[in-house]
Amino acid sequence: MGCLLKCNALEFGYKKGFALAMDFELQPGEVVALMGRNGSGKSTFLKTLCGRIPALGGTVEIEQRSLKAWPVKELARRIAYISISKAAPERMTVSEFVGLGRMPYSDFFDRRCKADLEITRDAMKMMDLQDFVTRPICELSDGERSRAYLAQAVAQQVNILLLDEPNAFLDIPWSRQLFRTLRQLAAERGMGVIVSTHSKEYASSYCDRVMVIENCRVQWGVWEKAEEEGWLEWTK
């Protein structure tokens with residue numbers, strides 16, 4: 001499999017010139033940490049990569065094909081954007097919510113086959129949600145609900161996973177488990193992952209590269225380069 005995602009001279013944001021001439025490639029098996037101050041544009045960038053927000057300029061390619069050229073259902077089989085901040089649906093169990101990840105593979109009537117149910121169960125097991133199968137998702141704690149959102153993305157079986165601060169509500173043990181899981185998914189399934197985080201520890205320990213958005217400028221590279229060139233001086 002070649003490059004999963006490619007940005008060519010990408011400009012993103014809500015006004016012209018937010019980020020100029022940005023070129024970037026995401027490879028199979030790679031985990032990239034996305035870092036920056038609150039309001040720097042991390043969420044906007046992730047939403048632009050999956051088409052939720054139109055680019056101001058340049059292009060985004062998914063598997064060597066323009067983002068705009070993908071039919072919605074086919075695109076949903078390749079890329080997923082997960083934001084833990086969105087409200088949980090009412091009157092839906094955890095199992096039903098995680099099962100939504102199988103929608104891109106279902107028919108017009110959204111029928112699920114045995115394989116869909118097995119994939120959903122495996123995703124819940126990976127995120128240790130077996131005890132919450134019939135619980136309404138809106139009744140879970142923030143940390144438990146975060147794991148349910150991640151399980152839904154795992155069940156979707158995409159090649160590209162975009163995560164917007166997934167460990168914001170997780171305690172330290174589960175935050176470490178999350179990043180270990182991302183590394184496992186990338187290695188075993190050949191996924192490309194971009195994960196927004198404020199944690200330098202997890203970014204340096206579990207991610208192959210780091211991308212930093214600061215003052216309308218985007219820089220990326222290995223962690224050693226980020227430290228040598230002072231990309232994260234603002235965190236001190």
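Reader: Helices (H or I, at least four residues) and strands (E, at least two) are DSSP runs here, numbered from the N terminus. Where is leucine 100 found, then?

Author: In the loop between α3 (94-99) and α4 (114-126). Keep in mind that this is a predicted model: local features need pLDDT of at least 70, side-chain atom pairs count only at pLDDT 80 or more, and totals for chains, interfaces and linings use all residues. Residues are numbered from 1 along each chain as its sequence is written, and side-chain values use heavy atoms, with hydrogens and water left out.

Reader: How accessible is leucine 100?

Author: Its relative accessible area is 27%, so leucine 100 is partly exposed. Buried means under 20% relative accessible area, exposed means over 50%, and partly exposed is in between (1.4 Å probe, protein chains only).

Reader: How far apart in space are leucine 100 and isoleucine 137?

Author: 13 Å, C-alpha to C-alpha. In sequence, 37 residues separate leucine 100 from isoleucine 137.

Reader: Which residues sit on each side of β3?

Author: Val31, Ala33 and Met35 are on one side, with Val32, Leu34 and Gly36 on the other. Both faces are covered. In a regular strand, side chains alternate between the two faces of the sheet.

Reader: In what sense do β3 and β8 pair?

Author: Parallel, over 4 bridges, with β8 at residues 192-196. Two strands pair if DSSP finds at least two bridges between them. β3 also pairs in the parallel sense with β9 (residues 209-214), over 5 bridges.

Reader: What stands opposite leucine 34 in β8?

Author: Serine 196. In β9, leucine 34 has methionine 211 as its bridge partner.

Reader: What is the order of the 4 strands in the open sheet?

Author: β2-β1-β4-β5, with antiparallel pairing. β2 (22-26) and β5 (65-66) are the edge strands, each pairing on one side only.

Reader: How many bridges join β1 to β4?

Author: 5, between β1 (residues 5-11) and β4 (residues 57-62). Asparagine 8 has threonine 59 in β4 as its bridge partner.

Reader: New topic. How many salt bridges does the structure hold?

Author: 10. A salt bridge is a side-chain nitrogen of Lys or Arg within 4 Å of a carboxyl oxygen of Asp or Glu. One of them joins lysine 6 and glutamate 25, with the closest N and O atoms 3.8 Å apart. Lysine 6 is in strand β1 and glutamate 25 in strand β2, so the pair ties together parts 19 residues apart in sequence.

Reader: Why does lysine 6 count as partly exposed?

Author: Because its relative accessibility is 29%. Glutamate 25, at 33%, also counts as partly exposed.

Reader: And what does arginine 145 meet in a salt bridge?

Author: Aspartate 142, at 2.8 Å, N to O. They are 3 residues apart in helix α5 (residues 142-156), so about one helical turn separates them. Arginine 145 counts as buried at 17%, while aspartate 142 is partly exposed at 36%.

Reader: Last one. Which residues gather in the patch of negative charge?

Author: Glu224, Glu227, Glu228 and Glu229, on the surface. Patches are made of residues with over 30% relative accessible area and no salt bridge; like charges are joined within 9 Å, and nonpolar side chains (Val, Leu, Ile, Met, Phe, Trp, Tyr) within 5 Å. Glutamate 227 is in helix α8 (residues 223-228), and at 52% relative accessibility it counts as exposed.

Key
Accessible areas come from the Shrake-Rupley method with a 1.4 Å probe; for residues, only the protein chains shown count as cover. Lys and Arg count as positive and Asp and Glu as negative; His and the chain ends are not counted. The place of a charge is taken as NZ of Lys, CZ of Arg, CG of Asp or CD of Glu.
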